[in-house]
Amino acid sequence: MKKLIPVICISLFFMASAQAEKGRYVYLGSGCSSCHGVDGKGIVGKGADVSGKPENELFATIKRFNASQGQHNQSMSSSDACDVPLSDKDIEAIAKWLTNA
């Protein structure tokens, strides 16, 4: 059993890393970076810095935004709008990546 613990820990680490990497790809592919920048640090006048925030806070915010499809910000142009519907798994992966960005 003691020999399995390091293997389990390493496996969990790589699973979390893979999910965070998926989050980066989903974030970049869904249009988030058009307002929040490629690193989540925000673009002045377009989007807030969303990097390094608590994962649960990011999840809730992205989920709310996804449900409204960007309607909360009337100043967004159609080219800025995130028109890609995200699953909860996608949102979870994005939140995990941004927390560590």
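Student: Which residues does Ser-51 touch, not counting residues up to four places away in sequence?

Tutor: This is a predicted model, and the contacts are computed from its atoms. Leaving out residues up to four places away in sequence, Ser-51 touches Asp-39, Gly-40, Lys-41, Leu-98 and Ala-101. Ser-51 itself is in the loop between α2 (33-36) and α3.

Student: Is Ser-51 buried or exposed?

Tutor: A residue counts as buried when its relative accessible area is under 20%. The value for Ser-51 is 10%, so Ser-51 is buried.

Student: How many helices and strands does the protein have?

Tutor: The protein has four helices and zero strands. Along the sequence the pattern reads α-α-α-α.

Student: What share of the residues is buried?

Tutor: Of the 101 residues in the protein, 30% are buried. The accessible surface comes to about 6,500 Å², and 63% of it belongs to carbon and sulfur atoms.

Student: Which residues make up the largest nonpolar core?

Tutor: In soluble globular proteins, nonpolar side chains tend to be buried together. Here the largest nonpolar core has twelve residues: Val-26, Tyr-27, Cys-32, Val-50, Leu-58, Ile-62, Leu-86, Ile-91, Ile-94, Ala-95, Trp-97 and Leu-98. The elements that give two or more residues to this core are α1, α3 (55-68) and α4. The most come from α4, with five residues.

Student: Which residues is Leu-86 in contact with, leaving aside its neighbours within four places in sequence?

Tutor: Leu-86 is in contact with Val-26, Ser-30, Ile-62, Asn-66, Ile-91 and Ile-94, once those neighbours are left aside.

Student: How do I check the span of a helix such as α4?

Tutor: Compare the expected span with the distance between the end C-alpha atoms. At 1.5 Å a residue, the twelve residues of α4 should span 16 Å, and the end C-alpha atoms are 16 Å apart, so the two agree. The buried residues of α4 include Asp-90, Ile-91, Lys-96 and Trp-97.

Student: How many aromatic pairs are there?

Tutor: The count comes to one aromatic pair. The ring centres of Tyr-27 and Trp-97 are 5.1 Å apart and their planes are at 50 degrees, so the pair is tilted. The pair links distant parts of the chain, with Tyr-27 in helix α1 (residues 4-29) and Trp-97 in helix α4 (residues 88-99), 70 residues apart. Both Tyr-27 and Trp-97 are buried.

Student: Where does Arg-24 lie?

Tutor: Arg-24 lies over the face of Tyr-25, at 4.8 Å from the ring centre.

Note on methods. Residues numbered from 1 in each chain as written. Predicted model: local features only at pLDDT ≥ 70, side-chain atom pairs only at ≥ 80, totals over all residues. Heavy atoms only, no water. Buried < 20%, exposed > 50% of the residue type's maximum accessible area, 1.4 Å probe, protein only. Areas by Shrake-Rupley, 256 points an atom, 1.4 Å probe, with all protein chains shown as cover. Phe/Tyr/Trp six-rings, centres within 6.5 Å; stacked < 30°, edge-to-face > 60°. Lys NZ or Arg CZ within 6 Å of the ring centre and 35° of its normal. Core = buried A, V, L, I, M, F, W, Y, C linked by side-chain atoms within 4.5 Å. Contact = heavy atoms within 4.5 Å. Expected span 1.5 Å × (residues − 1).
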